[in-house]
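Take a moment to look it over, and then read on.

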Amino acid sequence: MMTEEHSDLEARIIKDIHCKEIDLVNRDPKNINEDIVKVDFEDVIAEPEGTYSFDGVWKVSYTTFTVSKYWCYRLLSTLLGVPLALLWGFLFACISFCHIWAVVPCIKSYLIEIQCISHIYSLCIRTFCNPLFIALGQVCGNIKVALRREG
């Protein structure tokens with residue numbers, strides 16, 4: 001009974017991961033593009049005081065910039081969005097695969113080996129350096145510094 005409930009729960013979790021609802025209103029819920037690609041007309045084009053173009057030119061420039069950016073993005077995302085999503089999905093799958101099957105096991109292996117080496121290193125330090133430092137401490141421990149006062 002318990003095993004069936006566990007496998008049913010696993011199946012629901014796996015289904016939820018692959019079929020979760022997509023928010024079509026907020027398409028950047030983690031704000032990863034907050035300051036990077038948010039570019040408006042005012043961020044790119046600015047006329048300092050005293051060098052203004054005609055008002056009509058400024059308005060048409062603003063409209064041209066805004067509309068061309070909007071439709072160019074839409075066209076590029078229509079043409080390249082799905083192929084790039086496939087490419088990025090493949091790339092991150094490869095990175096995850098390498099991390100899970102190569103990087104983490106190598107790090108764990110290294111940590112196991114370095115732990116053995118650290119025990120040997122610690123033993124050498126305690127065997128050879130500790131007596132030396134104890135002897136130096138006893139030799140230097142009896143040194144007295146006398147301050148001479150001037151006049």
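## A nonpolar surface patch

L75, L76, L79, L80, L84, L87, W88, L91, F92 and I95 together make a nonpolar patch on the surface, with an accessible area of about 970 Å². Patches join residues with over 30% relative accessible area and no salt bridge, linking nonpolar side chains (Val, Leu, Ile, Met, Phe, Trp, Tyr) within 5 Å and like charges within 9 Å. A salt bridge is a side-chain nitrogen of Lys or Arg within 4 Å of a carboxyl oxygen of Asp or Glu. Areas come from the Shrake-Rupley method with a 1.4 Å probe, and for residues only the protein chains shown count as cover.

L87 sits in helix α3, residues 55–141. L87 counts as partly exposed because its relative accessibility is 47% (buried is under 20%, exposed over 50%, partly exposed in between; 1.4 Å probe, protein chains only).

## About the model

This is a predicted model: local features need pLDDT of at least 70 and side-chain atom pairs pLDDT 80 or more, while totals for chains, interfaces and linings use all residues. Residues are numbered from 1 along each chain as its sequence is written, and side-chain values use heavy atoms, leaving out hydrogens and water.

## The whole chain

The protein chain has three helices and zero strands, in the order α-α-α from the N terminus. Helices (H or I, at least four residues) and strands (E, at least two) are DSSP runs, numbered from the N terminus.

Of the 151 residues, 1% are buried. The chain exposes about 14,800 Å², with 68% supplied by carbon and sulfur atoms.
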